[in-house]
Amino acid sequence: MIKAVIFDMDGVLTETSHQHFLAWNRLAEELGYILPLEVKDAVRGISRLASLDIVLKAVNADKRFTESEKLVLAEIKNIYYIESIKRFTAEDLSEGARELLELLKENGLKIALASASKNSKFLLRAMEIKQYFDIVVDPAVIQKGKPAPDIFLKAAELLNIAPEDCIGIEDAYAGIESIQRAGMTALGVGDAAVLSNCSIVFDNLQGVYSYFVRLFRE
């Protein structure tokens, strides 16, 4: 029996994947590199430092920097990213997101956020949806990032709900794997070819909304 829904943020509740890529690209250009476009999908749903490793490998610079230098680079990227989302409002919420959140609440489900982004709480407030969420997992307390199941298991623990009674919603391959490894049902949002490890994929949250309408009627 489904008792909770756990959302990712970037690419699900709002489309910040482009802002992330632009921030990484700006950093790469300042270091003297041109970032391949395929990096945009490769860094979806994973932590900042894991994303930095992918970025540096993509431009053959993974051996150039020390670990302490990488921490500085990751923070510079985050500054660029924060600059780009400062103007986010409710208008930047994914189409159908508010209706989906209201539907879940009306049917008594708990709602959690399990995002690798450390800026998720800011975005929830900026887009005026913070009130729908029972808990927001702090990625700083998670030992292993996605595709490890830790962040989704932590969400279930904080909600006091068994993982098998949770549905996770993700837009990234690593995120889907994280949900599945946590023992939850996974719903994908986006390109089915990219989310080849997910058996239930929707183009957008409006499709997810219709899925839950049917589920609640059963």
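1. Ground rules. The model is predicted, with local features needing pLDDT of at least 70 and side-chain atom pairs counting only at pLDDT 80 or more, while totals for chains, interfaces and linings use all residues. Residues are numbered from 1 along each chain as its sequence is written, and side-chain values use heavy atoms, leaving out hydrogens and water.

2. Strand 1. Helices (H or I, at least four residues) and strands (E, at least two) are DSSP runs, numbered from the N terminus. In strand 1 (residues 4–7), Ala4 and Ile6 point one way, Val5 and Phe7 the other, and all are buried (under 20% relative accessible area with a 1.4 Å probe, protein chains only).

3. Its neighbours. Strand 1 pairs (at least two DSSP bridges) in the parallel sense with strand 2 (residues 110–113) over four bridges; there, Val5 has Ile111 as its bridge partner. Strand 1 also pairs in the parallel sense with strand 4 (residues 166–170), over four bridges, where Ile6 is partnered by Gly168.

4. Helix 7. Ile151, Phe152, Ala155, Ala156 and Leu159 are buried in helix 7 (residues 150–159). Down the helix axis these buried residues fall within an arc of 140 degrees (directions from the axis to the C-beta atoms), so they line one face of helix 7. Asn160, which follows helix 7, has a positive phi, near 60 degrees.

5. What helix 7 meets. Its buried residues pack (heavy atoms within 4.5 Å) against strand 1, strand 2, strand 3 (135–136), strand 4 and helix 8 (173–181).

Conventions
Buried < 20%, exposed > 50% of the residue type's maximum accessible area, 1.4 Å probe, protein only.
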